[in-house]
Amino acid sequence: MTKSSRYYRDLIFELLRKEIKVRYKNNILGYAWSILNPLAQALVFFVAFQYIFKVKIENYVLFLILGLFPWQWFLNSVVASSVSMISNANLIKKTVFPREYIVYAGVLNDMVHFVLSLPVLGLFLIIYHQPIYFPHIILFPVLVLVQLFIILGISLLVASVNVFFRDLERLIAILLNMLFYATPIIYALGMIPDSLKFIIYLNPLALLIINYRDIFLFGAVNWPYFWLSIVYAVGIFLFGYVTFNRLKPRFAEVL
Amino acid sequence: MEAEKIVIFDDVWKYYPLYHQITGGIKRFLINLPAAVKQIKESKFWAVNGLSFAVRKGEAFGIMGPNGAGKSTVMAMIAGVIKPSKGRLTVCGKVAPLLELGAGFHFDLTGRENAVLNGILLGLTKAEILAKLDQILAFAELGEFIDQPIRTYSSGMMARLGFSVAIHTDPEILLIDEILAVGDENFQQKCLIKMNQFKESGVTIILISHDRTTMERFCDRIIEIKDGKLVTTFKPSPIA
């Protein structure tokens, strides 16, 4: 291994280690707290939609978790990335280390967290007597990887653009809120009227979440959605990466 | 015989577009779109205007000037984080910037953990930094605080840790930006001794400050800049 590839490996590893340490250091409950958030959300939606709106979806808690956990990863990463350059301004103004690694480390940290939340998913699979569908389950890590690249692309984009347009953060908060309801997290694909179905094709996160559910709940795979999500992942990542690198040389001037 | 030139500014110019129009926000930018685009294209702030000077290897070189004179821009260009708009800038050698107090530190991590992280951000591999960790921690004189989270540190302790990491990265050019004001008298003395050792071993030190006394105490040569232009170059009279 050359010195520079060893350096980049050390850089990403140490930044990630820092993020994880900081997350779990001060409270033993760190893990519980961050699992609790999507679970509490799941509970609220469960009560609201199962008992008040009387929506008929089987295994609704499991259904919700399969949408909320991936959503939480996406949400946390994008929000944190949008301010990541500004909060590291004094470092960026003085040192030349590759800034994109701050974004990578943040997103990977949330991914590690997502993976650590899988035992909770497993627990609910057991509670609901859900079998593990084989070989469909093999696609799960692939979906996680696809999601990683979608999140990385969007994170690189918002991290770099927000340096120049500081109120992008606010716009992102609004857009994320809308995206949550535009994604079949609390409702099922089949409930969307035909006239609105096209939204699914515009929303890579929707494509992913539908497949997470198909894999775990029905032992099926929606192949068109699967391939489309890969196309989105490649496109979004490249777009974010190129934008970030175009804007990167000017960060130190603006921060 | 004069030492080789290690940093050469050859008629260097640097302007900043006036970004405040866009950092003011998307809303303002979009409302005034034509005007904003035009303004970005036309309005430039020239921070450095045709600056030429050279720093020699092993020199302690001071850059002085009032606020807004362009000192920080010059430093940022030497560090490589900002590129000149015009002219030629040559920097031969590994540059280590001294970071602002606590920059790159995380307050929940211990002094030891932060030293490793900071060293990596300054360009060392983990193996390199671990090999020097004992020296770094010894120089910082943190005692039992080494394994405490640095939110418990005083600003002096943090400054010592930051300084200690920076000087142990084997820099050929050390950039110091008004940092010597922190830390107690004792530690400042120690830093000065260390910097003198550095000088003797051929490390170049570039210092910026508007405090004349510190500069004259330490620098071999000082330039004064104003509005991005060179005003004077002088050698401080040696202190008896």
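How many salt bridges does the structure hold over all chains?

Modeller: This is a predicted model. Over all its chains, the structure holds 16 salt bridges. Between chain A and chain B the count is four.

Start inside chain A. A:Arg23 and A:Asp110 meet through their side chains in a salt bridge, at 3.3 Å from N to O. A:Arg23 belongs to helix α1 of chain A and A:Asp110 to helix α6 (residues 100–116) of chain A, so the pair ties together parts that are 87 residues apart in sequence. The two ends can be told apart by accessibility. A:Arg23 has a relative accessible area of 23% and is partly exposed. A:Asp110 counts as buried, because its relative accessibility is 9%, and the cut-off for buried is under 20%.

A:Ser77 is in contact with A:Asp110, and with A:Gly106, A:Val107, A:Ile151 and A:Ser155, leaving aside neighbours within four places in sequence. A:Ser77 sits in helix α3 (residues 60–82) of chain A. This serine is buried, at 1% relative accessibility.

Now cross to chain B. A:Lys94 and B:Asp177 form a salt bridge through their side chains, 3.4 Å from N to O. That pair runs between chains: A:Lys94 is in the loop between α5 and α6 of chain A, and B:Asp177 is in strand β6 (residues 173–177) of chain B. Both A:Lys94 and B:Asp177 are buried.

A:Glu253 counts as buried at 13% relative accessibility. B:Lys14 is buried too, at 3%. There is also a network: salt bridges with shared partners join A:Glu14, A:Arg17 and B:Lys126.

Next, the contact as a whole. Chain A gives 33 residues and chain B gives 38 residues. The area buried between the two chains is about 3100 Å², and carbon and sulfur atoms give 63% of that. In chain A, the residues that lose the most area to chain B are A:Lys94, A:Phe165 and A:Glu253, together 21% of what that side buries.

Six residue pairs are in polar contact between chain A and chain B, both residues at pLDDT 80 or more. On the chain A side, the elements that give two or more residues are α1 (3–25), α5 (89–92), α8 (139–164), α9 (168–182) and α13 (251–254). The largest share, 11 residues, comes from α1(A). By type, the chain A side divides into 16 nonpolar, three polar and 14 charged residues.

One helix of chain B is also worth a look. Helix α4 (residues 71–79) of chain B has eight of its nine residues buried, so it is largely enclosed by the rest of the structure. Among the buried ones are B:Lys71, B:Thr73 and B:Met77. B:Gly80 follows α4(B), with a positive phi near 90°.

Last, confidence. Chain A averages a pLDDT of 92, and 98% of the residues score at least 70. Within chain A, confidence is lowest in helix α2 (residues 30–52), at a mean of 85, and highest in helix α12 (residues 223–247), at 97.

Definitions and conventions:
Residues are numbered from 1 along each chain as its sequence is written. Chains are lettered from A and ligands numbered from 1 in the order in which they are written. Side-chain values use heavy atoms; hydrogens and water are left out. Contact means heavy atoms within 4.5 Å. Buried area is the accessible area (1.4 Å probe) that two parts lose on being put together, summed over both. A polar contact is a pair of N or O atoms within 3.5 Å; within protein, one must be able to donate a hydrogen and the other to accept it, and residues adjacent in sequence count only if both atoms are side-chain atoms. Helices (H or I, at least four residues) and strands (E, at least two) are DSSP runs, numbered from the N terminus. Ala, Val, Leu, Ile, Met, Phe, Trp, Tyr, Cys and Pro count as nonpolar, Asp, Glu, Lys and Arg as charged, and the others, Gly among them, as polar. pLDDT is the predictor's confidence in each residue, from 0 to 100. Buried means under 20% relative accessible area, exposed over 50%, partly exposed in between (1.4 Å probe, protein chains only).
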